[in-house]
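Here are my notes on the sheets in this entry. Please read them alongside the coordinates.

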Amino acid sequence: MSATAVVRNAQDLLDEAGLHGAFLVRDLDTGAEIGFDTDTPYPAASLVKVPLAVAVLERVARGDIDPATPVDVPPGRVTTPGPTGLSRFRHPARIAVDDLLYLSTSISDSVAADALFDLVPPDAVAAELRRLRVDGIAVRHRAGELADTPAERLGPDEVHLAHSLAIGAATPGQGHPVAQLDVNRANTGSARAFVDLLHALWRPSTIQESTAARVRALMGDNLHRQRLAPDFTSDASRWSSKTGTLLHLRHEVGVVEHADGQSYAVAALTASRVPAAAQPGSEATMAQVARSLHDHLRTGTLPWWG
């Protein structure tokens, strides 16, 4: 099947699942890639915690931050479904910077992320990305603002209303009355930008090797395995990733490393037209699409576990 046919089939699968999105898969050694809508910016949601980790660890490498420094963190006291870690704590905690990195990146704990943003504010994270020559990712606000959406103001039986607003209120220019969904105000990034960041982490040149190794390990320990992981994890491959979820948005970016030495960066950024919080079928389709692009790039002749 030609690359054009593979892409067309992938887009048809997304449309049938009520999704639209941007996907990119890149061979990290040859630079060969396949994807679509790769330069379209999407609100990044929790994907922003990867550049945050990079910025903090670059300061650790320069000696500006001691990773053992304890940080007093107030409880999140979040009771709505979804948030994890310190977000659900009821009492204050004292946690080292290095452990906050694990909570923020591997568990996607937004309270831990905001404790790190206290050390390296959003504008400093953005400046760090520019210094590292990673373009296309905008870091404008803290992670805690992701929890301040209409969904948090509605009861469990009314969450579909928040999703309906998210789906129906977007403007043609990707503006939105919900700030976290407006590409001019939100943390944003394109599929290409996140693949570029992954490339810089797995084949480091401007990023410190210690930073890259730690972020790779944190992404390898990602506890959220329901999205692309089922199609990329096997005894002969390792999947390291970060997910991002916000209302109707479902993202994942990661790297699959095969036992034969080949490695591929994958970015899957999607938005759903279905006003529902739980959409396992959509997530399965995301994985199917990402895997089809990967398999075409990898030659299309190996079995799925290759």
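Which residue in strand 7 stands opposite isoleucine 137?

1. It is glycine 189 that faces isoleucine 137. Keep in mind that the model is predicted.

2. That pair belongs to the contact between strand 6 and strand 7, the latter covering residues 188–189. These two strands run antiparallel and share two bridges.

3. The sheet around them is open and has three strands, in the order 3-7-6. Its pairing is antiparallel. Strand 3 (42–43) and strand 6 (137–138) are the edge strands; each has a single partner strand, so one side of each has no neighbour in the sheet.

4. A second open sheet holds five strands, ordered 2-1-10-9-8. Pairing here is antiparallel too. The edges are strand 2 (33–36) and strand 8 (237–246). Each pairs with a single strand, so one side of each lacks a neighbour in the sheet. From one strand to the next, the twist averages 10°.

5. Leucine 24 sits opposite alanine 267 of strand 10. As background, strands of a sheet pair through backbone hydrogen bonds.

6. What lies across this sheet's strands 1, 2, 9 and 10? Helix 10, residues 280–297, does. Strand 9 spans 249–258. The helix runs at about 35° to strand 1.

Key: Residues numbered from 1 in each chain as written. Predicted model: local features only at pLDDT ≥ 70, side-chain atom pairs only at ≥ 80, totals over all residues. Heavy atoms only, no water. Pairing = 2+ DSSP bridges. Helix = DSSP H or I, 4+ residues; strand = E, 2+ residues; numbered from the N terminus. Axes fitted to C-alpha atoms, helices over the stretch in contact; angles between N-to-C directions. Contact = heavy atoms within 4.5 Å.
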